[in-house]
Amino acid sequence: MNNQYQNKNICVIGLGKTGLSCVDFLLAQQANVRVIDTRKQPAGAEQLPKNVPLHTGGLNQQWLLESDLIVISPGLAVKTPEIQTALQAGVEVVGDIELFCREVTKPIVAITGSNGKSTVTTLVNEMAKADGLKVGMGGNIGIPALELLQQDYDLYVLELSSFQLETTYSLRAAAATILNISEDHMDRYVDLEDYRQVKLKIYHNCQSAVVNAEDLLTTSKDLEAITFGENQADYWLKTENGQQCLMAGEQLILPCDQMQLVGRHNYMNALAATALAQSVGISLSAIQTALRQFTGLPHRFQLAHQSNGMRWINDSKATNVGSTVAALTGLYVANKLHLLLGGDGKAADFSDLAALINQPHIYCYCFGQDGAQLAALSVQSQLFDTMEQAIEALRPTLQPGDMVLLSPACASLDQFKSFEHRGDVFTELAKLEQG
């Protein structure tokens with residue numbers, strides 16, 4: 001570790017797991033640390049060392065201006081006026097991922113995208129482990145990146161959000177991808193192009209860029225890239241005689257029916273993960289082992305319950321329109337699809353859903369803060385206050401071959417503690433037999 005932070009005045013904004021990891025890291029480097037959290041009673045305050053000053057309930061402009069460096073939580077926009085004032089006064093503003101990138105000496109696989117990034121991150125991690133590598137996975141998923149420095153890893157696999165990329169400048173990934181770009185967090189960015197430019201930072205100084213051949217927003221004109229997609233891509237999905245296979249050029253990676261993951265969007269995730277893994281030298285046999293064993297992540301197109309030929313799918317992690325579009329594209333349902341939509345839409349445009357859901361076999365049950373907007377998209381829609389009311393209404397109509405899909409296209413916080421809480425409630429309701 002170099003000691004570039006010794007005796008420097010450093011302000012960490014935002015507690016929680018990530019904020020505490022920044023405090024621990026900087027204290028070990030003998031920096032003078034202060035912490036600000038805009039919440040009145042922030043989570044993690046009790047874990048803060050007693051000698052670290054804490055300001056809560058807003059931003060402390062004086063502390064910011066007295067700092068040599070500000071380490072900002074991904075949840076707070078750099079565009080916030082107090083941060084802009086500090087920047088204009090010459091104070092450097094970075095995030096925890098920037099601190100991590102300055103220290104790290106081993107290769108990084110970096111993954112971002114509007115949808116699928118946790119699945120791909122976990123899959124690359126499993127591929128590396130199957131190859132006998134000591135791998136550290138973290139960032140926007142699981143363990144804060146700085147905590148990973150406490151172990152001696154061969155490889156780091158990081159999931160990075162656009163918010164984390166905003167304040168990262170020293171990332172030099174061995175392999176990096178933007179899986180896809182769709183409207184998300186439009187309450188934070190000026191427009192889709194503003195959001196895209198932040199995502200594109202992941203390719204800066206990277207050795208192997210992996211891009212989605214079906215999403216031109218994930219690449220830029222001067223980028224040399226490895227592509228994945230259904231057709232006309234380096235890593236592609238071959239369909240022959242009703243069987244689908246993952247391919248790398250003419251080489252068979254794996255027949256899709258040997259995987260536990262299902263659905264076209266998951267096959268794309270598997271192709272992206274394979275491309276990243278091969279870019280950093282992970283063996284084909286390890287890749288195949290991981291693809292056969294990986295069962296997917298909770299709340300991401302997960303089979304919650306199955307009985308009498310009816311399937312209940314928990315895709316609560318679909319907190320934006322792009323996620324729900326991905327779930328519905330290429331989805332095979334034997335009979336009717338009962339689709340649960342609703343929550344807080346984060347000011348997104350829902351119109352992309354209209355063509356997908358206006359089909360004779362799809363029935364929509366809309367609820368929550370933006371339920372009415374979603375119900376207006378389809379002729380076969382009903383509006384409810386809550387998800388529980390929607391499920392009570394659809395339950396008596398279920399027949400063998402039907403699917404109930406929670407893929408809400410919205411954040412959960414209007415009625416639930418988190419998307420996980422929403423998914424757990426759905427799963428409990430799914431298991432209540434019709435009586």
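Colleague: Contact means heavy atoms within 4.5 Å. On that basis, which residues in α14 meet which in α15?

Modeller: Met387, Glu388 and Ile391 of α14 meet Arg422, Val425, Phe426 and Leu429 of α15. By class, that contact has five nonpolar, two charged and no polar residues. Nonpolar covers Ala, Val, Leu, Ile, Met, Phe, Trp, Tyr, Cys and Pro, charged covers Asp, Glu, Lys and Arg, and the others, Gly among them, are polar. Before going on: this is a predicted model, where local features need pLDDT of at least 70 and side-chain atom pairs count only at pLDDT 80 or more, while totals for chains, interfaces and linings use all residues. Residues are numbered from 1 along each chain as its sequence is written, and side-chain values use heavy atoms, with hydrogens and water left out.

Colleague: Fine. At what angle do α14 and α15 pack?

Modeller: About 25°, with the axes 11 Å apart; α14 is residues 387–394 and α15 is residues 419–431. The two helices are therefore roughly parallel. Angles under 35 degrees get that label, over 145 is roughly antiparallel, 65 to 115 is roughly perpendicular, and the rest is oblique. Axes are lines fitted to C-alpha atoms, for helices over the stretch in contact, and angles run from 0 to 180 degrees between N-to-C directions. Helices (H or I, at least four residues) and strands (E, at least two) are DSSP runs numbered from the N terminus.

Colleague: Left-handed or right-handed crossing for α14 and α15?

Modeller: Right-handed. That is the label if the near helix is turned clockwise from the far one by less than a right angle; anticlockwise makes it left-handed.

Colleague: Switching to sheets. What order do the strands take in the five-stranded one?

Modeller: β3-β2-β1-β4-β5, in an open sheet with parallel pairing. Two strands count as paired if DSSP finds at least two bridges between them. β3 (54–56) and β5 (92–94) are the edge strands, each pairing on one side only. Neighbouring strands are turned by 20° against each other on average, direction ignored.

Colleague: How many bridges join β1 to β2?

Modeller: Five, between residues 9–13 and residues 32–37, running parallel. Val12 stands opposite Val35 of β2.

Colleague: Which strands does α1 touch?

Modeller: α1 (residues 16–28) touches β1, β2 and β4 (69–72), and its direction makes about 165° with that of β1. α4 (residues 96–103) also packs on the sheet, touching β4 and β5, at about 90° to β5.

Colleague: And what is the strand order in the nine-stranded sheet?

Modeller: β7-β8-β6-β9-β10-β11-β12-β13-β14, again an open sheet, with mixed pairing. Its edges are β7 (135–139) and β14 (251–255). The twist from one strand to the next averages 25°.

Colleague: Which residue is the bridge partner of Thr177 in β10?

Modeller: Val210. β9 (residues 175–178) and β10 (residues 208–212) pair in the parallel sense over four bridges. β10 and β11 (residues 225–229) are parallel too, joined by four bridges, and Ala209 is partnered by Ala225 of β11. Two bridges then join β11 to β12 (residues 235–240), with Gly229 partnered by Trp236 of β12.

Colleague: Which strands does α5 lie across?

Modeller: α5 (residues 117–130) lies across β6 (108–112), β7 and β8 (155–159), and runs at about 170° to β8.

Colleague: How do α5 and α9 cross?

Modeller: At roughly 45°, with axes within 9 Å; α9 is residues 264–279. They are therefore oblique to each other. Their contact is made by Thr119, Val120, Leu123, Val124 and Met127 of α5 with Asn266, Asn269, Ala270, Ala273, Thr274, Leu276 and Ala277 of α9. That divides into eight nonpolar, four polar and no charged residues.

Colleague: What about the angle between α5 and α10?

Modeller: About 130°, with axes 8 Å apart; α10 is residues 284–293. The crossing is right-handed. Leu123, Glu126, Met127 and Ala130 of α5 meet Ala286, Ile287, Thr289, Ala290 and Leu291 of α10.

Colleague: Last one. Where does UniProt put the "Mur ligase central" domain?

Modeller: At residues 111–277, in an unreviewed entry. UniProt positions follow the numbering used here, feature names are shortened, and annotations may be inferred rather than shown by experiment. In the model, that span is 28% helix and 26% strand, with its end C-alpha atoms 12 Å apart. UniProt also lists "Mur ligase C-terminal" at residues 299–410, a span with 22% helix and 27% strand.
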